[in-house]
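Open the model in your viewer and keep the selection tool ready. The tour goes to a sheet, then its helices, then some cavities.

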Amino acid sequence: MFKNFIKIAWRNLWRHKSFTLINISGLAIGMASAALILFWIQNELSYDQFHENKSRLYVAYNRAVFDGKLWCWNTTPKILGKTLKQDYPAVEETARTTQSNFLFTIGDKHLNLPGYFTDPGFLTMFSFPLIKGNPKTALTTVNSLVITEKTAIKLFGNEDPMGKVVRIDSVDNFTVTGVMKDLPNNTRFDFEYLMPWSYLKKTGGDDTYWGNNSVQTWVLAKPNITEEALNKQVINVTKSHSDQKDDEVFMHPASKWHLYSKFENGKIVGGKIGSVRLFGIIALFILLIACINFMNLSTARSERRAREVGIRKVVGAQKGSLIAQFLGESILLAFIAGIIAIVIVQVSLPSFNQLTQKQLYIPFNSIYFWLAGLSFVLFTGLVAGSYPAFFLSSFRPVSVLKGTFKAANALVTPRKLLVVTQFTFAIVLIICTVIIHNQMRYAQNRDLGYKKNNLVYTMMSGSIDKNYKMIRSELISSGAAVSVTKTSAPMTEGWSDSWGFDWKGKDQSQKIDFNVFNADGDFVKTMGLHIVAGRDIDIATYPTDSTAMILNEAAVKIIGFKNPVGQIIKNGNNKPCTVVGVVQDFILQSPYQPVKPMIIQGPKSWFNVIHYKLNPNNSTADNLKRAEGVFKKFNSEYPYEYHFVDEEYAKKFNDEQQVGTLASLFAGLTIFISCLGLFGLAAYMAQNRQKEISVRKVLGASVSNLTGLLSKEFLTLVIISFIIASPIAWYGMYTWLKSYPYHVSIEIWVFLLAGILTVIVALGTVSFQSIKAALTNPIKSLRNE
Amino acid sequence: MIKITNLEKFYRTEEVETIALNKLSIEIATGEFVAIMGPSGCGKSTLLNILGMLDDPDEGSYIFNEIEVAHFTERKRADLRKHNIGFVFQSFNLIDELTVFENVELPLIYTGVPASERVKRVEEVLDKMQIMHRRNHYPQQLSGGQQQRVAIARAVVNKPKLILADEPTGNLDSTNGNDVMELLTDLNEQGTTIIMVTHSEHDARYSHRIIRLLDGQAVVENIMV
Ligand SMILES: Nc1ncnc2c1ncn2[C@@H]1O[C@H](COP(=O)(O)OP(=O)(O)OP(=O)(O)O)[C@@H](O)[C@H]1O
Ligand SMILES: [Mg+2]
């Protein structure tokens, strides 16, 4: 019996190749898309969930009121971790982390590598296993070093790294005391090595100041301590140790680190979980659409198989065995589609990974993957096959065999419903895609307030700071650059903010937070900013400019100066500084947010970055070559590294770009799968109505008459879908755009565009079949009767 | 073998109600060869479908082999049917996707005959119908007469006690038609009861008895000599 089913199923699929092709490819594409999304979701959900201690792991957050709002941030004082471990019984272990970036030297090999300073507890709190070395002791001595496997290969090739010595920044030697298994693709941590905190302390990088929030503090609670109990204990730790009387501390649990990391007014309002849900819904719908195709095509075709059902019943088939037969066929199809889907996923994963910036892979070795895959196929086969199976098996043999069974219209009501569902979803996706792209273009076209092209920056590593004056003058004299300035942070990042400024007439009850930026001179010229009042900082002409300040317009507005130039502002160290100029607002951080008030401090501050405007008369390659010569000359040990400001700025759109690209990809796929189904349906309808068409043609109908007759019904469905889709898309986008203070308005043309586009594509798909049917010689089908 | 009493069947559409069978009573004994005749639309096919348990009557009683089957469930009817009744249609009704052999094998599969036994029985019947050489062909590759022989082979492979034939020669020329009638006569002589609907007086002459229907009622019964 079973063999017979398979044989007949196979033969049926083979005999109707185009049907099989349409059905399988639609299902395979649907499954592959859903699988890609599910891999992505699985990866997102598994972030840092592999730590054995995950239920007890927390990261410390601060919270305090500024500008009338409760803000939360997860940089903490360095002293916090130590204090929590010593004096708070709910805390078992803590580890601080802060970034480090050192030049590693082994023999004549130099490598610039990013890593962390951390406490020894890091290795025991988290499940980052050491392949070599003892996690309890690997970071306990000052000059010890734990490296990842990948870094070990970079540094030592295939030699055993344990006990080897590495020179750091040509000042200190470190001994490798541990080799860590490479970090998995689902952790928030990103480092190539770990260095002991004790080294930071030795070199003066540690402090006990409660007002300096600069490191992250990870906390392992004692077993059986709830989040609530822990929070109750630690909430006042900052208040009771310092004069920061309104800073509270709370713990953010590991289960929420990745997905629920967005705070608003002190409460978690989501984060990545939003995208996870969104794409989960998309995956579900794409799969649903593929299944709908399958059902539609199977039932449409099944009407042609009605006779087979009738005969089988006459010769003794029970309803059950017919159901089994048709389910078997659809499961077989789903199975084939599943195999093709795996191939599609495997082939498209590299590009998908690039798009999503992940390292996803198909876990071929995991039994769970195969079990999940198999149930996925069975489920799809059952869902897709159930309607045709029950529909077909309930045919009454008498009516079928007598020919009273009408198969004239491929568009019965349930099928119409399914087509409308498909196209509604497709149209919603198209509208959303267009609006997301609009929003991105809108933000990208926003006036930056400075000129980002030809602007390059280099971090001040090694001896750059020491030799800055010479580097600056040689960059210009070599012709590489036309202007150079030293700043505290890259132009695309806000590294520092402070509410410690004071001026005459300030309302002392309010904390006003300013972005803080430092520049030594030629800042306005190099960046191409617009001066609104006063002048740039210029210490050569004005020796007092070492404590000069520039404000942006937002700062002037919030401070309330009528004549800002010449006013005195006291900085955090209570030093009076003079405002020498005001610049037009420029975007430092998010292009979607209003520009924050900003203070640019003069030469008497700290610096990390050199910005230089390349010489427009030379080619970029030429300029970079000249610049490299200069940096090599004055900072010979370090490789020359540079960043283009316009490229860095473009990265601000990465997230939205990703969502946008994924949305267009899936919108395209949805339309494609839907049209595949429409194509199949139209083919059946044309086939079923061939006789009617022939008779009409003999009676004098033209080809366009007939094409119109056949396409009209489908067109109506697409239009209904459009009417349903528009408000759904509008509401979804309205909600999405609301999260961007700087956003486009939703315009009517987007809807019209999506509607017309869908109609054209659908009409094209259907009329291919309609025209084909209308062109057929009527004699042919009439003779076949 | 068959006894129907006051059998009624209506067809209702939105506008009209058709009485296809009107208080029809007929009795047919085991081993008989009966022809049913009458003008188009008088209810012959309807009667045959009810006798074959493909359809159920609205009123009246239908006793098959001493069992009242008029109100059997679909499942029970299918069970009874597959062991006792074979069908032959005017339009052959073979499954296009199956070969000759597989078409004939189908009823055996549904009655759960083991595979080795099936091969034996199918070959035996195909031999008897003289289409053994076509066993691996598909229906479209056969002539009408050959297709009808396959259909008869399929009807008898399960050794049914009753064969119902609805205009079995309707789509055939006279030579092929006569062949089919010979086959049915042979089967009848081996003990199978046969009920056949036909428009052809010539074919009707092969039977023992003719039941003539008019407007769903039996008007005459001719006993053939
Ligand atoms: N499904 C149906 N719905 C409505 N009326 C029907 C249906 N099937 C049959 N009838 C009607 O029932 C009556 C008997 O039909 P039936 O098919 O039994 O006639 P028949 O004697 O077999 O005719 P023919 O010799 O043309 O095959 C006819 O009037 C027909 O119109
Ligand atoms: Mg008839």
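Two strands count as paired if DSSP finds at least two bridges between them. Helices (H or I, at least four residues) and strands (E, at least two) are DSSP runs, numbered from the N terminus.

This is a predicted model, where local features need pLDDT of at least 70, side-chain atom pairs count only at pLDDT 80 or more, and totals for chains, interfaces and linings use all residues. Residues are numbered from 1 along each chain as its sequence is written, chains are lettered from A and ligands numbered from 1 in the order in which they are written, and side-chain values use heavy atoms, without hydrogens and water.

**The sheet**

Select β15, β24, β14 and β25 of chain A. In that order they form an open sheet of four strands, with antiparallel pairing. The edges are β15(A), residues 481-487, and β25(A), residues 643-644; each pairs on one side only. Now zoom in on β14(A), residues 455-459: two bridges join this strand to β25(A), and the two run antiparallel. Which residue of β25(A) stands opposite Tyr457(A)? Pick His643(A).

**Its helices**

Contact means heavy atoms within 4.5 Å. Axes are lines fitted to C-alpha atoms, for helices over the stretch in contact, and angles run from 0 to 180 degrees between N-to-C directions.

Next comes α19(A), residues 620-634. It also packs on the sheet, touching β14, β24 and β25 of chain A. Its direction makes about 145 degrees with that of β24(A).

**The cavities**

A cavity is a set of points, on a 1 Å grid over the protein atoms alone, where a 1.4 Å probe fits but cannot get out; lining residues have an atom within 4 Å of a point. Grid points are joined across faces, edges and corners, and a volume is the space filled by probe spheres set on the points. Four cavities reach 30 Å³ or more.

Select Ser298(A), Arg301(A), Arg305(A), Phe326(A) and Glu329(A). They lie nearest the centre of the largest cavity, among its 15 lining residues. Its volume is about 140 Å³. Helices α10 (273-302), α12 (319-356) and α13 (367-393) of chain A each supply at least two lining residues.

Finish at the second largest cavity, with about 100 Å³ of space. Its lining includes Val314(A), Val315(A), Arg81(B) and Phe87(B). β6(B) gives the largest share, three residues.

Note on methods:
1 Å grid on protein atoms, 1.4 Å probe; cavity = no way out; pocket = protein on both sides within 12 Å on 5 of 7 lines; lining within 4 Å.
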